[in-house]
Amino acid sequence: MEPTEDHIYVIIFATLFLAGMMSTFVISMVFIHRQRQAQNRQKMDQIKSEHEKTLLNIENEIQQETLTHIGRELHDNIGQLLSLAKLNFGSIKPEKIAEGRDILGQAIQEVRGLSKQLNLDWVESININEFIEQQLTRIKTTGYCETSLEAEFDLIELPKDQKLVLIRVIQESLNNAIKHASPDKILIKLHENGKGKQIFIKDDGRGFDSTQQASGSGMFNLKKRMETIGGEFNLTSAVGKGTEITLTLPN
Amino acid sequence: MVSQILQAIFHWFTFSTNLLLIIGVIFFIKLPKKKRVNTKYWLPFLILTFTVICEDFGIYTNFNFEFKKAVNAYLGNTEYPKFNLWFFNIARRQIGVILYLVLIQYWLQPAHKKYINWMIYGFIILAVILQVSGIEPLYFNQPIISAIGANVILIGSGLYFIEMITHDQYLESNPLRLVSFWQMTILMFTFSLNYISSVALMYLYIVNPVLGKALQEISYGMWLCTLGVLIMTISSPFLPGLFEKEPSYGTN
């Protein structure tokens, strides 16, 4: 074979090799894309199912909390009202009977109020501001501590899943404050800044070392829940200096 | 002379490019005004028009010897006054490469766009240095600039493919139904095969003209495919069942 012929073959094979290399590259890219697409879909399905599971858990917890609240109300409030009504009806004095009738009407009102809370429909009708107000009023009237709400905006148009998670996280944060911190005052602030809309839950209770892992499991759960709706959960606390929770809402 | 001009005009490559330009113009005119001002459509149209007009002007220079001779003399080439390589170098090897890089840039996410910007600046600086220093005069064959051009296009296409297999938006779509995928694939093939062709062409024309011509024909075919894919992009709104919505990051 002559050198010229050699060169020609080199050119032909180099061209074919290059074309083959590029074809292989493009085909493998398409295959990798398909593979990753399948993995991505699987991941998305998993995230979706986890999200649904979290929401279901939250709904159960809210129902449980509601049932506890109703039980307490039946025992402490309605039970007392009915006993008082019974005593009044036992009297022969007409004014006592009239008073008993009023008390009975009050008890009926309370029962109606409670019955509305038995399913989760109230979540649809209530907005976050109203919910926070209700919770703070409940805490204040039971005499646990002083409460206040400062709202720069109304959280009205929220998707149901976000509302459920926020309700549960706020509820749990307030329960934690009452159970563990013994505060004199709880302040909730709805504030908007560069990060977006935020809810601050602040108490002046005994606080704790938030860097310790033992105190973190419940908080981790709340953090995860906020993340499922695309939000953030931040907690700062120190012994004797109270606790501040910041919930950043998804944009 | 007239028969030579006619022969050049009716050469299958010239004829096909002009036909593709007419088809491209028709589709572009038919596009709604909102789409016409979108980079996704006007940039391929600009490249198509630029390429075909340059091809036609290249043919014209071959029949206007005085003009060609004057330009060559101005550039300092008195040895080969018949060459019109200066025009080929400016149009296809330099401006053409930059236009295709801008096209690739359109499909990339903002984080990757800056790499294409650097490549464009680097390519311009190197091309100017190589030409001003006399290493690769404008009027003669420019293998180094051609190699750099082909490589930046390959790197740009590579960036697109990396994005295609990593970015969520691309992972949600079928690449075979994206015009951007076909654009990048054809560009990669065209520039690399053309590079081989341009490097070997001079040699093959001397030792084996038949093979040289065959290689040239492959090059022509690849350019037609490139122009075809540009028309496919312009006409994609008329074929909604064939193409998927592009996950692009263009400004409009």
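A: Let's start with chain A, whose domain assignment gives domain 1 (1-119) and domain 2 (125-251); such bounds come from an automatic or database domain assignment. This is a predicted model, in which local features need pLDDT of at least 70, side-chain atom pairs count only at pLDDT 80 or more, and totals for chains, interfaces and linings use all residues. Residues are numbered from 1 along each chain as its sequence is written, while chains are lettered from A and ligands numbered from 1 in the order in which they are written.

Now for the close look at the place where the two domains of chain A meet. The C-alpha centres of domain 1 of chain A and domain 2 of chain A are 19 Å apart. Across this boundary, eight residues of domain 1 of chain A are in contact with eight residues of domain 2 of chain A (contact: C-beta atoms, placed from the backbone, lie within 7 Å). On the side of domain 1 of chain A that touches domain 2 of chain A, three residues are nonpolar, two polar and three charged (Ala, Val, Leu, Ile, Met, Phe, Trp, Tyr, Cys and Pro count as nonpolar, Asp, Glu, Lys and Arg as charged, and the others, Gly among them, as polar).

As for confidence, the predictor gives the complex an ipTM of 0.81 and a pTM of 0.71. Chain B has a mean pLDDT of 89, with 98% of its residues at 70 or more (pLDDT is the predictor's confidence in each residue, from 0 to 100).
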